[in-house]
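Open the model in your viewer and keep the selection tool at hand. The stops below say what to pick and what to look for.

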Amino acid sequence: MEMIGRVESIHRFPVKSMAGERCATTDVTFQGIPGDRMYAFIQAGSTSPFPWLTGRELPSMVFHQPEFTAEERPRLLVRTPAGELHPVESDELREELEKASGRGVHLLTNYRGSFDVAPVTLMAHATVDAIARESGTASDPGRFRMNFYIDTGNDTPFAENAWVGRVVRIGAVARVAVTEPDKRCVMTTLDYPTSGGSPRVLRAIAELNGANAGVYGAVITPGAVNEGDEVWLE
């Protein structure tokens with residue numbers, strides 16, 4: 001095996017297209033990180049294979065912050081951009097999203113997660129920096145919405161391209177089969193709580209790496225992962 005870096009940060013996104021949270025440690029299951037994309041709002045009447053309400057339709061979704069309560073059986077609350085706090089399943093939250101988007105929606109709860117392609121995503125942090133330099137924007141991992149950012153120990157971007165078709169071990173036990181590149185979309189160009197957006201971000205990804213940034217993976221061996229853990233390529 002070849003050591004390719006360390007886990008720089010871990011993130012999950014309890015509600016699809018809303019803000020995420022950083023996790024110092026997490027279990028990695030066959031369904032990915034527990035709680036990741038566990039909730040999603042579905043556009044009423046949609047027959048599309050991508051029926052979710054996302055930042056494409058409502059850019060302000062990324063400014064909604066999910067928060068799990070500190071209880072034995074945690075509940076998920078969502079803090080709106082106006083500072084109001086609503087249970088994720090509440091009529092108040094649904095109605096706010098409907099009014100803002102002009103679309104009817106309903107909440108989907110799925111413990112397996114509502115993923116675009118695969119349950120785990122990874123990206124070298126050097127990729128984040130390279131896209132920022134090329135686009136003239138702030139270096140912000142948050143805009144890419146990945147689960148694991150890897151510090152590869154150098155500034156060479158898109159190291160993750162070489163992981164496709166291979167198995168990556170994250171930490172002592174967890175193993176992820178990297179299945180394909182992540183083809184990026186307009187979500188990368190939005191304003192985020194930590195940085196401003198720009199269409200130049202997506203153009204930079206296209207020019208630097210054929211519109212791909214990051215990779216998808218399927219978990220083949222579950223295990224616990226901590227920030228700072230070693231990452232190995234089998």
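Buried means under 20% relative accessible area, exposed over 50%, and partly exposed in between, with a 1.4 Å probe and protein chains only. This is a predicted model: local features need pLDDT of at least 70, side-chain atom pairs count only at pLDDT 80 or more, and totals for chains, interfaces and linings use all residues. Residues are numbered from 1 along each chain as its sequence is written, and side-chain values use heavy atoms, with hydrogens and water left out.

**Stop 1: an aromatic pair.** Select Phe 50 and Trp 52. The structure holds one aromatic pair. Rings of Phe, Tyr and Trp (its six-membered ring) pair if their centres lie within 6.5 Å; planes under 30 degrees apart count as stacked, over 60 as edge-to-face and the rest as tilted. The ring centres of Phe 50 and Trp 52 are 4.7 Å apart and their planes stand at 85°, so this pair is edge-to-face. Trp 52 counts as buried because its relative accessibility is 11%. Phe 50, at 26%, counts as partly exposed.

Zoom in on Leu 122. It lies in strand E9 (residues 120–124); strands (E, at least two residues) and helices (H or I, at least four) are DSSP runs, numbered from the N terminus. Leu 122 counts as buried, at 0% relative accessibility. What does Leu 122 touch, not counting residues up to four places away in sequence? Its partners include Met 146, Phe 148, Trp 163 and Ile 170. Contact here means heavy atoms within 4.5 Å.

**Stop 2: helix H3.** Select residues 200–209. The buried residues of H3 are Val 201, Ala 204, Ile 205 and Asn 209. Seen down the axis, they fall within an arc of 100°, so they line one face of the helix. The arc is that of the directions from the helix axis to the C-beta atoms. Show helix H2 (125–135) and strand E13 (212–221): both are included in what covers these buried residues.
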